[in-house]
Amino acid sequence: MKNKIKPLAFSGKWDLDPAPESTDHISIKDQYGLFINGKFKNPSSGNYFPSINPATEEKLSMIAEANDKDVNDAVSAARKAYNGAWSKMTAKERGKYIYRIARLIQEKSRELAVVESLDGGKPIRESRDVDVPITAAHFFYYAGWTDKLKYAFPNRNPESVGVAGQVIPWNFPLMMAAWKIAPALATGNTVVLKPAETTSLTAIKLAEIIQEADLPAGVVNIITGAGATGAGIVNHPDIDKIAFTGSTGVGKIIMKAIAGTNKKSTMELGGKAANIIFEDAPLDQAVEGVINGIYFNQGHVCCAGSRLFVQESVYELVLRKLKDRIQSLILGNPLDKNTDIGAINSKEQLATINKYLKIGQKEGAEMFQLDCSIPKKGFWCAPTLFTNVSQSHVIAKEEIFGPVLAIQTFRTIDEVITKANNTPFGLSAGVWTDKGSKIFNLTSQMRAGVVWANTYNKFDPTSPFGGYKESGHGREGGLHGLTPYLNF
Ligand code: NAP
Ligand code: MG
């Protein structure tokens, strides 16, 4: 057809015209400073690093790198605000600020969704329908608790902790910032937050929103940088509480660093979730849940259902349905509204995923991938599944954090519970069955913080989230999410 623009990449049965989300309304500056004490400041080192679009490898902006002096300035500003304006304010007034942030997020939701997809590579459908609405919902939800803390904890005397140091990963940049900042503010604390190096932009946009909401200076400080900036926050002596979301490896480093100090901590770490399909499950619904659980968002989800257990009697049928569904997925431009699978977040993460694909094949597992053309620029991985997998395979044990599913079979309930729990992680799990009694049996025996039944990856601010074992400690979300920010 004349003048028809070819989609970035397309696979599947239908030849769809491109439907890219407009970027006209987006403003991204060439360079961003550090948000300290209510203002954007140049980093004291003068160093900046690029934030790129992982779908095109184009530079989006230059981001300031905070060193120990900047960390110290941010912590001092947070302490001053904690002792000053923020603690003198009534809880009700404090709540109004948090509501204001929530409303501004809603107002700017289109811009935030596009920036999230540009900077992180996730499909616009995900950032528009999941990340940004949940971000706003968190601020709305926690704003409501601000003046009700003594009802939330009757006969106790909840008091704020002080200055919270918060370090977050790159898979849900804006949403993770909300999970951290909203409960901290609702409980009367002040904050120093660091986003991940590859996805700083929406956290910076949130800093602009916080400035627009006229929050007293220093209540929220957002400083950018790499791991060393995170370590600077963790090790700062005037931080009262660390809230970390990221890998189990870095979580362990942080726990060692704060051992013997008075710092409180919550750790939201890695996962290797089991998704279990019983023979009596609604199979099409289950297959859709599996696809959503591991492939959407490129498997960059801590609670991704990366291990699938299928009851032997329906294994062949489920496998065929899964493969058919994989072949209909659309990989390509994250800004296209039809895109299912966006870009891998960074070159490093793509190398990690590719390393696991090689290991899986070398271990004797059989690999199946979406047959599609991969764009020449950017970082991409076709949705992949492995069969012939056993419990001892590396791909069944380690967190890959990519669109890679390892499938195993089972015969009995006891067998699948043993297999599902046979992991150092325990963040989440999924169960697909028609029988309520089976669901209750399994959920009580699975060592996982969240167990979804006949659905997957559903989040709500009222519902606590967190892990067992090496998936961390403490809970975020709901009433439980207030506790780590309070002393009693
Ligand atoms: P990561 O490498 O552990 O990094 C997480 C954050 O910590 C980033 O901001 C990182 O900075 C910073 N950091 C790195 N080294 C540090 C140090 N020594 N001290 C303090 N901070 C340090 O994890 P990631 O690769 O960004 O994220 C993926 C991981 O997060 C996965 O394991 C996933 O399961 C987990 N995750 C868990 C949850 C949950 O709720 N349980 C949710 C989402 C993700 P830079 O990136 O800038 O270097
Ligand atoms: Mg980026």
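Analyst: **The shell around ligand 1**

In this predicted model, ligand 1 is surrounded by 29 residues, and the closest of them are Ile168, Glu197, Ser247, Leu269 and Glu399.

Several polar contacts to oxygen atoms of the ligand can be listed. Glutamate 399, one of the closest residues, has an N or O atom in its side chain that lies 2.5 Å from an oxygen atom of ligand 1. A polar side-chain atom of tryptophan 170 is found 3.1 Å from an oxygen atom of ligand 1, while glycine 225 contributes through its backbone, with an N or O atom 3.4 Å from an oxygen atom of the ligand. Taken alone, ligand 1 exposes 900 Å², and the protein buries 87% of that area.

The space that ligand 1 takes is the largest pocket. Two or more residues of the shell come from each of the elements α9 (227-235), β10 (241-245) and α10 (248-258), and among the elements α9 gives the most, with three residues. On the level of domains, the shell draws at least three residues from each of domain 1 (31-269 + 471-487) and domain 2 (274-462).

Key
Residues numbered from 1 in each chain as written. Chains lettered and ligands numbered in written order. Predicted model: local features only at pLDDT ≥ 70, side-chain atom pairs only at ≥ 80, totals over all residues. Heavy atoms only, no water. Near = heavy atom within 4 Å. Polar contact = N/O pair within 3.5 Å; in protein donor to acceptor, adjacent residues only side chain to side chain. Areas by Shrake-Rupley, 256 points an atom, 1.4 Å probe, with all protein chains shown as cover. 1 Å grid on protein atoms, 1.4 Å probe; cavity = no way out; pocket = protein on both sides within 12 Å on 5 of 7 lines; lining within 4 Å. Sits in = over half its atoms within 2 Å of the grid points. Helix = DSSP H or I, 4+ residues; strand = E, 2+ residues; numbered from the N terminus. Domains from an automatic or database assignment.
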